[in-house]
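Open the model in your viewer and keep the sequence panel beside it. This tour tells you what to select at each stop and what is there.

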Amino acid sequence: MSQTLAAMAEEVLRTADGREKTALSHRHAARWQEARAAGTPPAIGHAAPPDRPARPARPDLLDPRDVPRRRPGSPEGRIAILHAIAHIELNAVDLHWDMVARFTGLDLPPGFYDDWVKAADEESKHFNLVCDRLEAMGSHYGALPAHAGMWRAAEDTAKDIMGRLAVVPMVLEARGLDVTPGMIRIFQGAKDPETVAALEVIYAEEVAHVAYGAKWFNFLCGRRGIDPTAEFHALVRRYFPGGTKAPFNEEKRAEAGMPPDFYWPLADTLPAAWS
Ligand SMILES: [Fe+2]
Ligand SMILES: [Fe+2]
């Protein structure tokens with residue numbers, strides 16, 4: 001019998017090495033996509049995703065306050081930025097496969113799985129793009145310490161798909177849309193077109209991940225007959241009490257199906273136009 005999609009997701013989550021994890025992620029995504037196109041997809045099935053995904057022995061994981069800050073104006077500073085991005089991308093690979101494996105009891109349409117498999121596949125590409133740039137600059141993923149606690153949001157929402165969708169794609173990945181243009185400018189200023197090209201791929205593809213979040217959040221609100229805006233506010237206040245931070249990339253958030261009344265009321269300041 002062929003492997004279920006949930007079992008494929010679990011296998012990725014249980015693979016520790018970043019390059020191996022992402023290679024397996026690409027293979028499983030291709031298997032799912034080819035079988036879907038042929039009209040013979042594997043069963044979704046059920047799996048036992050680990051509480052925390054397997055990760056390499058390096059990088060050392062530190063409390064965010066203890067991760068040394070470096071100035072972006074130096075080559076070391078730019079390596080540190082890329083290292084932090086590689087860590088986020090590897091985490092995102094696991095977050096998206098966890099989305100596939102964690103909520104299989106909810107009878108979600110196959111399109112839900114298409115979206116998160118595609119997102120996981122793209123995160124795998126992002127990790128490798130950033131690792132390639134780090135290696136070209138004489139470093140590698142694992143050479144510096146990285147933030148511990150990135151899996152917290154996943155653990156807190158392991159039994160609450162609405163909370164997971166609100167916090168992971170619609171808060172954390174949407175935040176990526178806000179900050180990526182500034183990172184691109186740093187590497188433009190450093191005359192590093194290869195890194196700029198890699199970050200532009202990431203920036204373009206992340207819009208769709210936020211959009212998948214908004215789409216399935218709205219779908220589940222509709223299935224349960226609840227108001228999406230109020231529900232989003234309640235869930236973010238519960239699982240992400242730090243709130244969202246302006247300035248927001250309103251244009252890309254709109255493209256991803258996130259209207260301003262989703263996120264502005266959670267920010268500590270309201271825009272002038274709202275007061
Ligand atoms: Fe990404
Ligand atoms: Fe993403």
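Start with burial: a residue is buried if 20 or more other C-beta atoms lie within 10 Å of its own, exposed if 12 or fewer, and partly exposed in between, with C-beta atoms placed from the backbone. This is a predicted model, where local features need pLDDT of at least 70, side-chain atom pairs count only at pLDDT 80 or more, and totals for chains, interfaces and linings use all residues. Residues are numbered from 1 along each chain as its sequence is written, while chains are lettered from A and ligands numbered from 1 in the order in which they are written.

**Stop 1: the whole chain**

Show everything as a cartoon. The protein has 10 helices and two strands. Helices (H or I, at least four residues) and strands (E, at least two) are DSSP runs, numbered from the N terminus. Follow them from the N terminus: the order is α-α-β-α-α-β-α-α-α-α-α-α.

Now the overall dimensions. Along the principal axes, the C-alpha atoms fill a box of roughly 55 × 50 × 35 Å. A compact globule of 275 residues would have a radius of gyration near 19 Å, and the protein agrees with 19 Å. That radius is taken over C-alpha atoms, and the globule rule is 2.2 Å times the number of residues to the power 0.38. Of the 275 residues, 39% count as buried.

Contacts come next: two residues are in contact if their C-beta atoms, placed from the backbone, lie within 7 Å. Among contacts with a separation of 6 or more, 79% are between residues 24 or more positions apart.

**Stop 2: the core**

Select Ala 9, Ala 86, Val 100, Trp 116, Val 130, Ala 166 and Met 170. These residues have the most contacts inside the largest nonpolar core, which has 63 residues. Helix α3 (residues 75-102) gives the most to this core, with 12 residues. A nonpolar core is a set of buried Ala, Val, Leu, Ile, Met, Phe, Trp, Tyr and Cys residues joined through C-beta atoms within 7 Å.

Zoom in on Val 100. Which residues is Val 100 in contact with, leaving aside neighbours within four places in sequence? They are Leu 5, Ala 6, Ala 9, Tyr 113, Trp 116 and Val 117.

**Stop 3: helix α6**

Select residues 161-189. The 29 residues of α6 should span 42 Å at 1.5 Å a residue, and the end C-alpha atoms are 41 Å apart, which agrees. The expected span is 1.5 Å times one less than the number of residues.

Look along the helix for a bend. A kink of about 40° lies at Val 179, shortly before the proline Pro 181. The bend at a residue is the angle between axes fitted to the seven residues ending there and the seven starting there.

Then pick Arg 164, also in α6. Is Arg 164 buried or exposed? Arg 164 is buried, because 26 other C-beta atoms lie within 10 Å. Not counting residues up to four places away in sequence, Arg 164 touches Met 99 and Thr 157.

**Stop 4: helix α8**

Select residues 228-239. Helix α8 has 12 residues and reaches 16 Å from its first C-alpha to its last, close to the 16 Å expected. Colour its buried residues: Phe 232, Leu 235 and Val 236. They cover an arc of only 100° around the axis, which puts them on the same side of α8. The arc is that of the directions from the helix axis to the C-beta atoms. An α-helix has 3.6 residues a turn, so residues three or four places apart point the same way. The buried residues of α8 pack against α6 (161-189), α7 (193-224) and α10 (260-263).

**Stop 5**

Most residues other than glycine have a negative phi, and most peptide bonds are trans. Four places to check follow.

- Asp 107 is not a glycine, yet has a positive phi of about 55°. Asp 107 sits in the loop between α3 and α4 (110-136). Asp 107 counts as exposed, because it has 9 C-beta neighbours inside 10 Å.
- Lys 191 is in the loop between α6 and α7. Lys 191 is exposed, with 7 other C-beta atoms within 10 Å.
- Arg 58 and Pro 59 are joined by a cis peptide bond, with omega about 5°. Pro 59 is in the loop between α2 (18-37) and β1 (61-62).
- Ala 246 and Pro 247 are joined by a cis peptide bond, with omega about 0°. Pro 247 is in the loop between α8 and α9 (250-255).
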